[in-house]
Every structure is written in structure tokens, then in C-alpha cells.
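Keep the view open as you read.

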Amino acid sequence: MGWIGETVDSIKSIKIRQLLTQAVTLGMIVTSALIIWKAMMCVTGTESPVVVVLSGSMEPAFQRGDILFLRMTKDPIRTGEIVVFKIDGRDIPIVHRVIEVHERKTTGKVDVLTKGDNNDVDDIGLYADGQMWLHRHHIMGRAVGFLPYVGWVTIIMTEKPIIKYLLIGAMGLLVITSKD
Amino acid sequence: MHSFGYRANALLTFSVTALAFICAIASFSDKFSNQNPSAEIQILNINRLKKQSYGNDEVSLTLDISADLQSLFTWNTKQVFAFVAAEYETSKNSLNQVSLWDVIIPDKEHAKFRIQTSNKYRFIDQGHNLRGREFNLTLHWHVMPKTGKMLADKIIMPGYSLPDAYK
């Protein structure tokens, strides 16, 4: 209870200049996070350099809650690669393995078929109606590395948004009530 | 400066940084492992080579696959994903790769194996180019670490071919 009293006291005793300094500091922290994110996008060549695994279709390799590091290069797409792709008209990226590739001689375009390791059937059912193959423009990146369990923070914050607000509120409170 | 909030924040930041560093080192240690896998694939039988009702060629075959992938396993290995793909060229396509069979190897004991199996996934061409076609069978493996960078490589075995007529 004493901690709450202290917090209320320190909010009451805030001065304008101090408040502005802290607002600028907060702004700097947010923008440097954004700069780091954009720089990662440049280095890895993909729009989303890090994704969270949402489903169990690649178990036991990737469990729900793992995070994957992606890279996209101009190298041709070959079987066995784990790719992240988006179906036209759907938001959620899917992480599966390429099991079939047909590359045209004349144009260099590829037809790609994917399948989750833990699924019994290939992904034809997931593609848009009438779509038989994935093409290069559907593919956002290749998985090159991963960290287990770290993605649970994102899953919890997406599925229970109240926790996201609580966390941001607590961090905001921490910044505002700091005496330096 | 010494409130509960600050201490919790400092502890959390430090532990996340330390964990990330440990994961990176674990992944780096994989560079020092000595790997020499080996494999051999024989085609036991071409069961059928037919033309599907709506036009594409399909072949069904039985393979005898033996491999020793034990040297790929390190302390940082979670599993090895191995698969056999048929690779061939046609007049329209510079490369076709079709995965015929795959397996998830969870530990070193299971990494040396011999199996006789028909193709797990259907071998269907884009067109009717499979009669008399020569192709490679490639055994690919992907080593998935407990944390960090994934590793992939393959052994290409050329010289297989399909019959000249539908059967």
C-alpha cells in the first residue's frame, strides 16, 4: 500500500520541464525500437524478419510459441526449405516446408507446393480457391533460425489484449514516476 | 532508484540478455561438429507409370533407402528432418523437384536406418514427360537445433530412370 501512496505523491509533485523531458525520452525509446525493426527488415530482406509460430502443424520441430528468424534472398526456392507465406486475401502467415518445386525454363518462375511436417496432406486445401501452386510473390521469407518459447509473450498479448494494456500502463507508470 | 519496479525491470532485462547470449553460444558450438553422413537409395520396383484422367503423368515406385545420419546429431540438435526427392528436367521446366518420402529423426539411435517403402507422396509431373525420363534421387536433411541456426545439406544420387512406356 505504501508503494501506491508513493506513486500518487510523485505524480502530484511533477514539474512541467521534468514531464517534457520524460516524454521526449519515451519518444526516443519508441523511435529507436522502430529504427531497429526497420533496419532488421533491410538486412534480412523481408517484411517480417521475425514471426511467431501459431499452430502445431510443424511439430515437433516448431511448437506454438516459438519464434522464427526469416531471411529472403534471391536464391531459387528449393524443396526442403521452410518458408513463410501468405495466401492472397488472408492476413495470417503460414510456416510450412516446400515439398515440390517446378521451375520454368523460359521465365524462371516457380510453382511451389508446401506441407506442414505434422500434417498428413499437403497445403492445397489452404490455398485460395482454384489455386494449385504458390508463387514467389506469396513467399515472405525462409526460416533460418529459431528460439523456443519466446513467442508466447506475443501470443498472450494478442489473445488477451487486456494484458497488453496492463503491461503498457505499468511501463508508462514506471517512466512517469522515475525521479531522474 | 531502488523501488520494486526498477529491480524487477533490471532483473528481467539481465536475464533475457543472458539467455539470448547462451542460446547464441549454443548455436555457435554446432560449427565445431564433424559431420560425415552417408546414404544409398535403390529403386526396388516401378509399380506404375500412368497418365491421369486429366492429363498429367504419375508414377508410383518402391524404394530401398539406407542411410547413416548419426554424425549430424550434436548436443544442440532437436531433430533431423530427412527426405528423398526426385529431381529431373523437362522441356518446359528447367527443374522439377518432387518429394517422395520423408521422416523425422528424433535422436541419434534412429539415425541409422534402412527402409523399404513405396513413395509417401504422389509423384506427379506437370504434363506427360515421364516416359523414359532420367532423374536424380537426392537425400536431403535439415538439422533443427534446440536453439539457433538451422543447417541443411544433401547427397545427390544420379542415374535413375523411368520405363519408356506406360505400365
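A polar contact is a pair of N or O atoms within 3.5 Å; within protein, one must be able to donate a hydrogen and the other to accept it, and residues adjacent in sequence count only if both atoms are side-chain atoms. By that rule, chain B and chain A share 18 residue pairs in polar contact, both residues at pLDDT 80 or more. E4(B) gives the most to the side of chain B that touches chain A, namely eight residues.

A word on the ground rules: this is a predicted model, where local features need pLDDT of at least 70, side-chain atom pairs count only at pLDDT 80 or more, and totals for chains, interfaces and linings use all residues. Residues are numbered from 1 along each chain as its sequence is written.

Back at the interface, there's one salt bridge (a side-chain nitrogen of Lys or Arg within 4 Å of a carboxyl oxygen of Asp or Glu). A:Lys105 and B:Glu89 make it, with their closest N and O atoms 3.2 Å apart.

E3(B) pairs antiparallel with E7(B), residues 134-145, through ten bridges (DSSP must find at least two for a pair). There, B:Phe83 sits opposite B:His140. E3(B) also runs antiparallel to E4(B), residues 93-105, over nine bridges, and a hairpin of four residues links E3(B) to E4(B).

Terms used
Chains lettered and ligands numbered in written order. Heavy atoms only, no water.
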